[in-house]
Amino acid sequence: MNQRARLDPAPIPFIDVAAQRRRLGRSVDDAIARVLGHCQFILGPEVRTLEAELAAFCGTRHAISCASGTDALILVLMAAGVGPGDAVICPSFTFTATAEVAALVGATPVFADVEEATFNLDPESLRRACATARKAGLRPKAVIPVDLFGQPADYSRVMPVAEAEDLFVLDDAAQSFGATYHNRRIGALAPATATSFFPAKPLGCYGDGGAVFTDDDDLAQVMRSVRVHGEGRNKYDCVRIGINGRLDTMQAAVLIEKLKIFPDEIVARAHVARRYSSGLADVATVPIVAQGSSSVWAQYTIRLAPGRRDALATALKAQGIPTAIYYPIPLHRQVPYQGFPVAEGGAPVSERLADEVISLPMHAYLDEPTQDRIIEAVRGALGG
Ligand SMILES: Cc1ncc(COP(=O)(O)O)c(C=O)c1O
């Protein structure tokens, strides 16, 4: 070992996909080998098995797998008939895909603000966004609450506003698959729910993947058609405009194996989050999980006074500890979205969060000594 290697502590991965791979052992290799054996690479038997297991996991009538979380959102919007002239209300503090899909189907994203405590959609801002949309000559048609960083949005407050405004509710659960809200799993909280299996997500595959959950038989049937170019009785009977949005059989095979250890991983992630919060609560604003909710901790995100996070990121980087900023710019300030309406009153919480949040390494295999190293480094950098 050279002098430098001895002085520099080993770099810590932000998400340790390799550690999970070691735990899974040969099971994923064997699952992929089975697909290589039967050669049904598109909509093979593993896709059907996975869909049944996902539906059982969430307690929904239907789980429709697809090519990504973005396609999952698009499948719902297309099947629900959202299009030109329609306003789709989205929180501004989220990943681009939430609003992108509204624009892609020809509708208009209208931005609402989020709540200070949970970073999730503010129902009052949702109400104001509907009024703003109507003033702009748009028909408020749908809302996409996001379960940011793994915590469900507050559906018991969002739903009454959605009902009063006659909005279709599409839960963007890209980050929250496996979370619960008052003893119900994500997937069963809204008429339709979209999730992502991107590798960094709580349940990730080894490429892109996603799924939609619903109890609505008609919606499910249309989404299955849209997923395969709008097919009808068969592939060459085209009954509507669709997309190529299928999940690969190989990714389904990977997900079947990963789903077996997922409940255990959820517990491990919650343990990491609890230890972070008890180690950091006196030096930073640590995340709050609302009563009755559980998070799957897609991110562990702390909040600092303005101007402090760059120094923290630099200090941690020097010690081999990566950080990330989700999200540095709220969507209504991003170039392609600047022309779209924002709820009356603006989105000041989203703007403040974009300046103040910073996320720490988070995964199910973060052992206690490594976590203690991160906690000590954060405390040292913040003068705790
Ligand atoms: C909130 C949110 N919505 C949608 C998506 C899109 O998912 P995907 O990357 O699988 O298309 C993501 C993924 O990062 C996300 O975080």
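## The sheet

Let's start with the strands: 7 of them make an open sheet with mixed pairing, running in the order β1-β9-β8-β5-β4-β2-β3. (Strands are DSSP runs of E with at least two residues, helices are runs of H or I with at least four, and both are numbered from the N terminus; two strands pair if DSSP finds at least two bridges between them.) At the edges sit β1 (62-66) and β3, each pairing on one side only. From one strand to the next, the twist averages 30°.

This is a predicted model, where local features need pLDDT of at least 70 and side-chain atom pairs count only at pLDDT 80 or more, while totals for chains, interfaces and linings use all residues. Residues are numbered from 1 along each chain as its sequence is written, and side-chain values use heavy atoms, leaving out hydrogens and water.

Strand β1 pairs with β9 (residues 210-214) in the antiparallel sense, over 5 bridges.

Contact here means heavy atoms within 4.5 Å.

## A look at N120

Now for a loop: N120 lies between β3 (108-112) and α7 (123-135). Is N120 buried or exposed? N120 is buried, with a relative accessible area of 1% (buried is under 20%, exposed over 50%, partly exposed in between, using a 1.4 Å probe and protein chains only).

Leaving aside neighbours within four places in sequence, N120 is in contact with several residues, including V114, E115, L148 and P152. The backbone oxygen of P152 lies 3.2 Å from a polar atom of the N120 side chain.

Conventions. A polar contact is a pair of N or O atoms within 3.5 Å; within protein, one must be able to donate a hydrogen and the other to accept it, and residues adjacent in sequence count only if both atoms are side-chain atoms. Axes are lines fitted to C-alpha atoms, for helices over the stretch in contact, and angles run from 0 to 180 degrees between N-to-C directions.
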